[in-house]
Amino acid sequence: MFRVNKSEECSHTTITVDGQVSHDCIEVVETFCEEQLSAGKPVHLFLRDVTTVDQAGRALLERLAAKGVRLRAKGTYNSYIVQELTPTKDGAS
């Protein structure tokens, strides 16, 4: 199972992912995020009920974080991945 939802807020767009962030699904997530970024709107990506993050998914999250997408996650493992991929204020990961 894989599901992506987009929620428009006044100040940003939240994209919520359920299921897998894997090679087979990353194109959809990346497209949603890129569309919002190109429109100049801040993007928050929320990994809600994610069961799998493979290498391709991890690379996608890293690319999106580098472009300014705010990553958030539910659950210990996914929160750890987000924390590891989100740059700190001093530039270190």
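User: Which residues does L47 touch, not counting residues up to four places away in sequence?
Analyst: The model is a predicted one. Contact here requires heavy atoms within 4.5 Å. With residues up to four places away in sequence left out, the residues that L47 touches are V17, V21, L61, R72, A73, K74 and V82.

User: Which element gives the most residues to the largest nonpolar core?
Analyst: This core has 21 residues, and V17, V29, L45, L47 and L61 touch the most other members. Two or more residues come from each of β2 (13–21), α1 (26–38), β3 (43–53), α2 (55–66) and α3 (76–85). The element that gives the most, with 5 residues, is β3.

User: Over what arc around the axis do the buried residues of α3 lie?
Analyst: The buried residues in α3 are N78, I81, V82 and L85. They are on the same side of α3, because the arc they cover around the axis is only 95°. On the other side of α3, T76 and Q83 are exposed. The arc asked for is thus 95°.

User: What is the handedness of the β-α-β unit made by β3, α2 and β4?
Analyst: These three elements are also among those that cover the buried residues of α3. The strands β3 and β4 pair in the parallel sense over 4 bridges, and H44 stands opposite R70 in β4. With α2, the two strands make a β-α-β unit that is right-handed.

Technical notes. Residues numbered from 1 in each chain as written. Predicted model: local features only at pLDDT ≥ 70, side-chain atom pairs only at ≥ 80, totals over all residues. Heavy atoms only, no water. Core = buried A, V, L, I, M, F, W, Y, C linked by side-chain atoms within 4.5 Å. Buried < 20%, exposed > 50% of the residue type's maximum accessible area, 1.4 Å probe, protein only. Arc of directions from axis to C-beta. Pairing = 2+ DSSP bridges. Right-handed = clockwise from strand over helix to strand, strands pointing away.
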